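Here are my notes on this one, for you to read with the viewer open.

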Amino acid sequence: MKHIVSLLVENKQGVLARIAGLFSGRGYNLESITAGVTSDPTVSRITLACLGDDLIVEQIKKQLNRLIDVIRVTDLTGLPALHRELLLVKVTAKPSQRGEVFQVADVFKAQVMDVGADTMSLELTGSTEKIDDFVALLAPYGLVEMARSGLVSLERSRKSPQPGAARGSRASRRTKARERKERA
Amino acid sequence: MKTHGAAHLIEALKRENVEFLFGFPGGVVIPAFDALYGEREIRLVLARHEQGAVHAADGYARSTGRVGVCLVTSGPGATNTVTGLATANFDSVPLVVITGQVARNMIGNDAFQEADIVGISRSVTKHNYLVTERKDLGRILREAFHIARTGRPGPVLVDIPKDVLTEVSADPLPESVSIRGYNPVYRGHPLQIRKAAQVLAAAKKPLFYAGGGVNISGAAGLFRDLVAATGVPVVASLMGISSIPSDHPRFLGMLGMHGTYAANMAVQSCDLLFAIGSRFDDRATGNLKTFAPHAAVVHVDIDPASISRNVPVEVPIVADARCFLEDFLPLAKAPSIAEWQSQTEEWMRTRPLAEVPGNGGLSPSRVIRAIAEAFPAAIVTTEVGQNQMWTAQYFNFQEPRTFLTSGGLGTMGYGFPAAIGAQLGNPGRRVIDIAGDGSIQMNIQELGTAVAEKLPVIVAILNNGYLGMVRQWQEAFNARRYSGVCLNRAVDCPPDCAQPGKACPPYAPDFVKLAQAYGAEGIRVIDTAEIGPALSKAAKVTDRPIFLDFRVSREANVWPMVPAGAAIDEMMNA
C-alpha cells in the first residue's frame with residue numbers, strides 16, 4: 001500500500017542523496033520524492049510517497065530515523081493531511097480543438113499557461129487522483145510533454161481549540177505520541 | 001590563536017584523547033602529516049595499506065572500547081578504506097576515518113586522485129562529512145567522534161579538502177555537541193522492562209540469546225549476574241561470544257549455521273527467546289519460517305531498526321544492553337525451570353563438539369585448544385572462514401573484548417591488522433590472530449607494520465592449502481568440484497582436480513621464510529607433539545611477530561553445519 005511520509009531534514013548538501021540512496025540500497029520502492037526549504041532556512045521538508053507492506057514501510061521509517069540528518073519522520077498515511085501535486089502538460093490542440101480543451105481545463109479549474117499554433121500548455125494543482133483523471137481526459141488529444149512534481153503534503157491543523165492544550169497543536173502531539181510508539 | 005586546518009585537526013584529535021593514528025600518507029594529506037612530524041602525544045602508526053590501517057583501528061577500538069582513528073589520502077587511499085568501513089559498520093565499531101580530498105576548487109573536475117568518497121562510503125558508514133568550510137572543521141570533528149561512540153557505535157568518515165587543511169583561521173573547538181536529528185535512546189521503556197520480567201518469570205523454557213551488544217556496551221558483568229540470578233541457559237551469536245565464559249555451565253554455545261547441537265536445539269525448543277543486543281542475523285537464525293517455532297521473543301537492542309525486522313517480537317525494548325540490564329536485574333525473578341535446565345545439560349553432555357580429525361595433518365580443534373591453554377588471557381582475532389568458526393567453537397573465551405572477528409561483513413584479511421591494533425591498545429597482553437592460509441595473505445603486508453612497531457603478535461595459521469570454507473561447501477553441496485579454492489594449484493594442474501596429491505607443491509608460500517624475510521619469527525608445526533613446544537617458543541618472543549605455520553588436515557571440516565536455508569535443528573554431523 002502507498003504511504004506518504006513527511007520528513008524534516010537538515011538543509012545541507014547530500015541529504016537528498018542519503019535518502020534516495022537508502023531506498024535504492026535497500027531495495028525499497030520510492031514512487032515520488034519532493035524537497036523544499038521550510039520557514040526555517042536550515043530545515044527542509046521532504047515528502048516521500050513509497051510503496052510496501054506495513055512491515056517494509058515500518059522498516060523504511062526506522063531506517064530514515066537512523067539518518068543523522070533526518071530530524072523528524074511523520075507517516076501521514078491515515079492522518080488528516082493535505083496532499084497536492086502540480087502538473088504541467090502540453091497537449092496537441094489544433095485551433096478547432098481549443099474550445100474543447102478549454103472546457104476540460106475549466107471543469108478541473110486548470111490554468112492555461114500557453115497557447116501555440118497547434119499545442120496548448122496547462123497547469124493543474126490537485127490530488128494525485130484528480131491529476132490522473134485530468135491527464136486521462138486530455139490523452140485523446142495527444143500528450144506532447146508532461147511534468148508532474150510529485151506529492152507535497154502537510155498535516156491538517158486542529159479545528160477547535162483544545163482545553164488545556166497550551167502548547168503544541170493536537171496534530172503535533174499526536175505525531176509525537178506516534179513517534180514514541182514507533183520508538184518503543 | 002590562528003592555526004592551519006591541519007594543526008586544528010591534530011588539536012581536535014588530542015581533545016578526543018587519541019593515542020594512535022593509523023595512517024598512510026599521500027599528496028593531499030601532506031599538510032596533516034606535516035603537523036604530525038615530531039608529535040609525541042599521538043603516535044602515528046604507518047600501515048602498509050589503507051585497508052590494514054582501518055582494520056588496525058578497528059582492532060584497537062574493539063579491544064579497548066575507544067574510538068579508532070585513521071588518516072589517509074584522497075582517491076585510492078580513500079577507496080581502500082571502504083572494506084574496513086563496511087566491516088566496522090556491520091559490527092558496530094566506533095571509528096573516525098579522515099580522508100584527504102582534492103582542493104575545493106578541483107572537486108568534480110576529475111582531478112588527480114579524486115574520488116567522491118562521501119558518495120562511495122555513504123552506505124557503509126554511520127555518517128560521513130565533506131568539510132566545505134574551514135570554520136566547520138572543529139565542529140565536524142567533534143560531531144564525528146560523538147556519533148562514532150554513542151548510540152549503536154559505528155564508523156564516521158570525514159573528508160577534508162587539501163585547502164581546508166592549509167587555510168588559516170582562528171575558530172576554537174566547540175565545547176559541546178548538539179545534533180538535533182541524533183538522540184539515541186539508552187534507557188528502555190519501564191513498562192516494557194516490567195513486561196519482560198513478567199514473561200521471564202512465567203516461562204517454562206526460557207533462553208537468553210546474547211549478541212554483540214552485550215560486549216560492546218560493557219554489559220557482560222551484569223549479564224553474568226543475570227544468568228547467575230535466574231539460571232536461564234544462554235546461547236550467543238558469533239559477536240556475543242565472550243559475553244559469558246565459554247565454559248560457563250549455563251552456556252550452550254554459539255547458535256546458527258555452525259552452532260552447537262545444544263544451542264540450536266534449545267532455540268528450537270524454548271518457549272521464550274530473550275535476545276539482548278543481537279540482530280537475528282541469517283547465519284544465526286537459518287530459515288526464519290522455522291526459527292524458534294515455540295518461542296515468544298523479547299528483543300532488546302539499541303537500534304530500533306534491528307527490532308522486528310527478521311522475527312516477530314512480543315516484547316520489543318529499545319535500549320542499550322547495559323542500561324537495560326541495570327534496570328532489569330532488580331526485577332528479574334528466577335523461573336522454575338529445573339526440567340529445562342537438565343534437558344539443556346543433557347544435550348551438552350551427550351552431543352558436545354567433537355574433536356576435528358587430523359587425517360594426514362594436525363587437528364585444527366586441537367591446535368586451537370592448545371593455544372587457549374597456553375594463552376588463556378589472550379585477545380584473539382580471526383580471519384574469516386573455517387579458522388573463524390573453529391575459533392568460535394573451540395577457544396575458551398573468558399572476558400569480553402577478547403574475541404575480535406568480522407561477523408557481519410565476513411572480511412578475510414581482517415584478523416592480522418586487527419591484531420596489530422589490539423596489541424597497540426593492550427601492550428601487556430598476548431594478541432593472537434587465528435588465521436587460514438588464504439585469509440592471512442589478504443593483508444600480509446602488515447607484517448611490515450608489526451615488525452616496525454615491534455609487536456609480538458602471534459599469527460597461528462591453520463594451513464590446509466585451501467580456501468577451506470568454500471571447499472567444504474563444494475565438498476558438501478557441489479560433489480567435490482573444488483573450483484577456485486586450492487591455494488597450491490599451479491597452471492599445470494589438471495582443471496578438474498578434486499584431490500590433493502603428492503605432486504602438490506608443499507609450501508605456497510613458505511610462511512616461515514616469509515616471516516623471516518620481514519624480520520619476524522617463523523615456526524612450522526607438522527606433528528601434534530610439536531604444538532606445545534612451538535607455543536612455548538612463541539611465548540618467549542616479545543619484540544617481533546611470530547608466524548606459526550600449523551599444517552592441519554587438508555580436508556578438515558567445520559561441524560555441525562546447517563545448510564543454507566534450512567532450519568537450525570537440521571544439523572549435519574551434529
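1. Let's begin with a strand pair. In chain B, strand 17 (residues 431–436) and strand 18 (residues 458–463) run parallel, with five bridges joining them. One pairing to click on: Ile432(B) has Ile458(B) in strand 18 as its bridge partner. Keep in mind throughout that this is a predicted model.

2. That pair belongs to an open sheet of six strands in chain B, ordered 16-15-17-18-20-19 and paired in parallel. Its edges are strand 16 (403–404) and strand 19 (521–525) of chain B, each of which pairs on one side only.

3. Chain B has another open sheet to look at, with six strands in the order 11-10-9-12-13-14 and parallel pairing. Strand 11 (251–254) and strand 14 (315–318) of chain B have a single partner strand each, so one side of each is left without a neighbour in the sheet. On average, neighbouring strands here are turned by 15° against each other, ignoring direction.

4. Staying with that sheet, strand 13 (residues 296–301) and strand 14 of chain B run parallel and are joined by four bridges. His299(B) stands opposite Pro316(B) in strand 14. Helix 9 (residues 190–202) of chain B packs on this sheet and touches strand 9 (206–210), strand 12 (272–276), strand 13 and strand 14. The direction of helix 9 makes about 135° with that of strand 14 of chain B.

5. Now chain B as a whole. Chain B contains 22 helices and 20 strands. Its radius of gyration is 24 Å, close to the 25 Å that the globule rule gives for 574 residues, so chain B is as compact as a globular protein of that length. The C-alpha trace of chain B spans about 70 × 70 × 45 Å along its principal axes. Buried residues account for 55% of the 574 residues in chain B. Taking contacts in chain B between residues at least 6 apart in sequence, 77% join residues at least 24 apart.

6. How many residues of chain A are in contact with chain B? There are 17, and they meet 18 residues of chain B. On the chain A side, helix 1 (15–26), helix 2 (54–66) and strand 4 (70–75) each supply at least two residues. Helix 2 of chain A gives the most, with five residues. Sorted by class, the side of chain A that touches chain B has five nonpolar, six polar and six charged residues.

7. A word on confidence in chain A. The average pLDDT of chain A is 89, and 88% of the residues score at least 70. I'd flag residues 168–174 of chain A, where pLDDT stays under 50. For that stretch of chain A the model has ten contacts beyond four places in sequence.

8. Leaving out residues up to four places away in sequence, Glu50(B) touches Phe24(B), Val72(B), Gly77(B), Asn80(B) and Thr81(B).

9. Two peptide bonds deserve a look. Ala508(B) to Pro509(B) is cis, with omega near 0°, and Pro509(B) sits in the loop between helix 20 (468–477) and helix 21 (511–518) of chain B. Trp559(B) and Pro560(B) are also joined by a cis peptide bond, with omega about -5°; Pro560(B) is in the segment after strand 20 (546–551) of chain B.

10. Ser242(B) has a phi of about 85° and lies in the loop between strand 10 (234–236) and strand 11 of chain B. With 25 C-beta neighbours inside 10 Å, Ser242(B) counts as buried. Asn573(B) has phi near 55° and is found in the segment after strand 20 of chain B. Asn573(B) has 11 C-beta neighbours inside 10 Å, so this residue counts as exposed.

Notes
Residues numbered from 1 in each chain as written. Chains lettered and ligands numbered in written order. Predicted model: local features only at pLDDT ≥ 70, side-chain atom pairs only at ≥ 80, totals over all residues. Pairing = 2+ DSSP bridges. Contact = placed C-beta atoms within 7 Å. Nonpolar A, V, L, I, M, F, W, Y, C, P; charged D, E, K, R; others polar. Rg over C-alpha atoms; globule rule 2.2 N^0.38 Å. Buried ≥ 20, exposed ≤ 12 C-beta atoms within 10 Å, placed from the backbone. pLDDT = per-residue confidence, 0-100. Axes fitted to C-alpha atoms, helices over the stretch in contact; angles between N-to-C directions.
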